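Hello,

Here is the structure I promised to pass on. My notes follow below it.

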Amino acid sequence: MRWQKREAAASAIKELAARYGMDALSASILARRGVTSPEDILYFLEEDPRYLHNPFLFEGMEDAVDRILLARDEGEKVLVFGDRDADGVTSTVIAVEGLRELGIETSWRVPAANEHYGLSVAAVDDFAAAGGTLIVTVDCGISNHTEVLHAAELGIDVIILDHHLLKADEPPEAVAVVDPKLEDSGYPFRDLAGCGVAYKLVSALKLARTGIYKQQVALLNVRPVNDAYLIEAVRLSNLVETGRIRETIVPGMVDLSRTRLVPFLQDRQIFVWDGETQKKLLAKALGKGAEVQCYDVAPDVAELIPSAKGASLLRLKELSKVGRYRDEGFEEIDVFESIFVSFALKKASWFGDDDLSLLELAALGTIADLMPLRNENRILVKRGLAALNQRPRAGIAELLEKLGLSGKLVGATEAAWQITPVINAAGRMGSAKTAVELFLGEDGSARAASAESLIAMNQDRRRLGAESWETVYPLARESLPLYGEKLVIVGHEGVHRGITGVIASKVTNVFSVPAVVAAFLEDGTVVGSVRSARGFDVSSFLEASAELFIDYGGHDAAAGFSLKSADWPEFLRRAAAYSEAIELSSDEEVVEIDAELPHDYLKADLPRFVARFEPFGEDNGPLVFLARNVPIAAADIVGKREANHLKLLLDFGQAKWPALWWSAAEKLERDFSVKDRIDLVFKVTVNRYAGQEQPQLEIIDARRSEPEAVGAARPGASDADATPAGS
């Protein structure tokens, strides 16, 4: 295992620390992780939902909202169609609750048993027979061209809410398509999960119930500049900026009608801050005969945001956090826009208790679908988990109780390992509806029964996984040389279709190459999962056989497909040809170090420091630290079934820390002994045992310290890069 500490320029660290008021160690960690742009920094330092992107940045969102509002007004029946996995389940529940909140008669459906992924013709036909007229797909739909066309032929409109890649030249001809991965989506963040997209729709519907929806607004501000006046204005639609203008006016030099202001402000409601002052400045700039009808919004804002009462825009600029996350200047008009948007969101009751309930689901779906925990995903997950820990919503509360997690702190790691696999198990075992019923059920006892069913399904899934692994492992080993030791492909009737992804992931871990695991079904089709390893591009691999597939899709690192069993041999032939050009990155395990810590940094408050970088997950792994010359105070070999783990007590001078090293028992007395000093790379975790929680170090790798280094170094010494001034 190779230890590697990323490069980080001292000047960049100092600049981050100074600009954002953070300590040098935090700045060094963010710099090493490439988190240096103002927008990236924002989502690590802030958690206010106010910083979430406006849902109306999606080009298709207004069309989707208008069609749903029409369905409400006309008393139509609406179907939400989702996927079978945890992301699809949470997406379905979010959309159903959002539509029912509007008073819309809403039913739902997810694939059952061996039904294929995505909207089906059968689902469309059944909904048409029930008198339905609008389908909303969630976490699917972007590849359902045939099904959307069939729905149109039956008089049913379709709205697509998806987050998967578009494989065709054009999306299906739906009423609205909302997908952050569309090139022309208009949305600034492409990595929302399906549940994140569903949450954005519900947020947009909430705004649509207020007077601000579709209102054409202009914010106007005038300020003196030398012997002239600078007039700035911003146009907003659904709180999205659609244009801005700056005009420098010298009094008496130009008529108002000849400026760009008139067409820019025409037919818009104009808001100003401190109306009396603004009217006086406008009169000086344009002459007393020029009248601009405007409304002073400052008193209204002060009622909802007390800190704004009596404050000028300049004063609000000093108080605002937004400015420091702007690369460009943050002027009075920008302050005005920021405070106005905050006011409008508060007035629309965004981010209330109902939002928190939905964010719990969005957090679980985002974690389960392995979405990057960057940008606004960090706020969605952080706020969702905080709500889950404070007061879990119906369905989640029952699941936590059955899992023995009630009253315990649930972080992203616990959610990923203990909660989302149970939700996923329902779809894997052919009964995703049980998970949907858990979260939508109104009866507590029924929800408890659903939770028990999910846990039982997860146990069955584990059993099937163990049985399937016995079948897959020898086949995988035989497959490896067929594809140049760069790919494994296994297809077998003994593999359950619901666990192909789990088994494929295990194959990649064991053989350190990309893997395809497929199940042969009784209906003559093959359903498979692909998992990446060592930089392998899953999307390109599947595209090479695209015409063979009934359907396929997924993400860059994980995907799925289905095809007719008769086409399986041709798929294998193409995969073999493709494998000749595969270039995998080195399989040497590299551990990336975030910071080297002096011994006196290992204090009781270290877990609180680490928690600032939560949530950890995809694209934001747990912090990894390096410490040198650490004495081993005690050592034990532990393990429930087999005593093969190593438990150490490490002496950092001011504090002694328990440390656990998995599957490392053989290293004791072979690589080092008690009273030796070691260099180690580690994570800071929590040991939860018998109802108690204790911080501990989880060792990733360690080695005996070099004798000359031990003799030369004093406890707590470290390179300059890790001192408070330079870390």
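Is Asp-651 buried, partly exposed or exposed? Asp-651 is partly exposed, at a relative accessible area of 22%; with a 1.4 Å probe and protein chains only, buried means under 20%, exposed over 50%, and partly exposed in between. Asp-651 pairs with Lys-656 in a salt bridge whose closest N and O atoms are 4.0 Å apart. The term stands for a side-chain nitrogen of Lys or Arg within 4 Å of a carboxyl oxygen of Asp or Glu.

Please keep in mind that this is a predicted model, where local features need pLDDT of at least 70, side-chain atom pairs count only at pLDDT 80 or more, and totals for chains, interfaces and linings use all residues. Residues are numbered from 1 along each chain as its sequence is written, and side-chain values use heavy atoms, leaving out hydrogens and water.

The whole structure holds 45 salt bridges. Another one joins Glu-596 to Arg-628, with the closest N and O atoms 3.0 Å apart. Glu-596 counts as buried because its relative accessibility is 3%, while Arg-628, at 35%, counts as partly exposed.

Now to a helix (helices are DSSP runs of H or I, at least four residues, and strands are runs of E, at least two, numbered from the N terminus). In H6 (residues 121-129), Ala-123, Val-124 and Phe-127 are buried. Seen down the axis, the buried residues of H6 fall within an arc of 100°, so they line one face of the helix; the arc is taken from the directions from the helix axis to the C-beta atoms. Just after H6, Gly-131 has a positive phi of about 85°.

Best wishes
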